[in-house]
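Open the model in your viewer and keep the sequence panel beside it. The tour below goes from one selection to the next and says what is found at each stop.

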Amino acid sequence: KEEDLIWCGTAAHGLIQYSRSKHSFANLNSIIVKNNNESNLYYSLYKKDNTLLAGTDNGLYSINLLNDEAEKLQLNTNGSNRSIQEIFEDSEGNLWIGSSDGLFLRKKGSTIFTVFDIPKNSLLQSPSVFAINEDPYKNIWIGTNEYLASIQNNKIEKIDSVKINNKNSTIGTVSTIVFDEDKSMWLGTTKGILIKKDNNFKRLNYEYGNKKGLNDNLINDIY
């Protein structure tokens, strides 16, 4: 049964399926390989109905769970094998893809991905997008390797630094974005945890000798 299965993306051995009833794992990377593509590193997974989307170091794949057929999805016409680091569906059914060279959007009802223009990084390139989420007010937030940004009505606002204790502080790489029941935003970054409540920011980070504080500033995920 479908509810019995859990899919896991690994860093070296591709896609793995776990059966809770059988207490056993099965390697499903052959699904990708038999479709003349291969990828071992899986960054993100997203399931809807009978389709599993897999973000890999070799692009984005759509896997039909009924017949185990896989199709590589082209995000634009050049067909480059970018790394897919985040897959997110918003409350309106639009699909957002965070990749190693920018942000892509597939609107509800469409089969076409389009580039969503976001500010370039310090090297004047499209930044890597690691995190995407939607706040309670239906604004989309993205975290990149250099900044945080919000998207509202197709307008983007880039946030490079924030004021903490009356001092400007750079954000760092944003790897995850979550919202709590108080509508506060929590960011996992390379500089610890950053919390946004209304327009105020607070940082939780490693402090030498503080046994009750964080023991590492590299925050990969928050739940």
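Select residues 129–134 and 155–159, which are β12 and β15. They belong to an open sheet of 4 strands in the order β12-β13-β14-β15, with antiparallel pairing. Both stand at the edges with a single partner strand each, so one side of each is left without a neighbour in the sheet. On average, neighbouring strands here are turned by 20 degrees against each other, direction ignored. Axes are lines fitted to C-alpha atoms, for helices over the stretch in contact, and angles run from 0 to 180 degrees between N-to-C directions. Strands (E, at least two residues) and helices (H or I, at least four) are DSSP runs, numbered from the N terminus. Two strands count as paired if DSSP finds at least two bridges between them.

This is a predicted model, in which local features need pLDDT of at least 70 and side-chain atom pairs count only at pLDDT 80 or more, while totals for chains, interfaces and linings use all residues. Residues are numbered from 1 along each chain as its sequence is written, and side-chain values use heavy atoms, with hydrogens and water left out.

Next, select D160 and K158. Their side chains meet in a salt bridge, 3.6 Å from N to O. The term covers a side-chain nitrogen of Lys or Arg within 4 Å of a carboxyl oxygen of Asp or Glu. D160 is partly exposed, with a relative accessible area of 40%, and K158 is partly exposed at 34%. Buried means under 20% relative accessible area, exposed over 50%, and partly exposed in between (1.4 Å probe, protein chains only).

Go on to I164, in strand β16 (residues 161–164). Is this residue buried or exposed? I164 is buried, with a relative accessible area of 13%. Leaving aside residues up to four places away in sequence, I164 touches S169, L194, F201 and R203. Contact here means heavy atoms within 4.5 Å.

From I164, move to E89. The two are 75 residues apart in sequence and 32 Å apart in space, C-alpha to C-alpha. E89 forms a salt bridge with K48, the closest N and O atoms being 2.8 Å apart. K48 lies in strand β4 (residues 42–48) and E89 in strand β8, so the pair ties together parts that are 41 residues apart in sequence. K48 counts as partly exposed, at 42% relative accessibility. The count of salt bridges comes to 2.

Stay with β8 and show the sheet around it. Here 4 strands form an open sheet in the order β8-β9-β10-β11, with antiparallel pairing. Its edge strands are β8 (84–89) and β11 (114–116), each of which pairs on one side only. The twist averages 30 degrees from one strand to the next. Strand β9 (residues 95–99) is joined to β8 by 5 bridges, and the two run antiparallel. Within this pairing, F88 stands opposite W96 in β9.

How many does a search of the whole structure find? The search finds 2. Rings of Phe, Tyr and Trp (its six-membered ring) pair if their centres lie within 6.5 Å; planes under 30 degrees apart count as stacked, over 60 as edge-to-face and the rest as tilted. The rings of W96 and F116 have centres 5.4 Å apart and planes at 55 degrees, so this pair is tilted. W96 lies in β9 and F116 in β11, so the pair ties together parts that are 20 residues apart in sequence. W96 is buried at 5% relative accessibility, and F116 is buried at 11%.

Then select Y18 and F25. Their ring centres are 4.6 Å apart and the planes meet at 40 degrees, so this pair is tilted. F25 is exposed, with a relative accessible area of 59%.

Finally, zoom out to the whole chain. The chain has 1 helix and 21 strands. Its C-alpha atoms fill a box of roughly 55 × 40 × 30 Å, taken along the principal axes. Buried residues make up 44% of the 223 residues.
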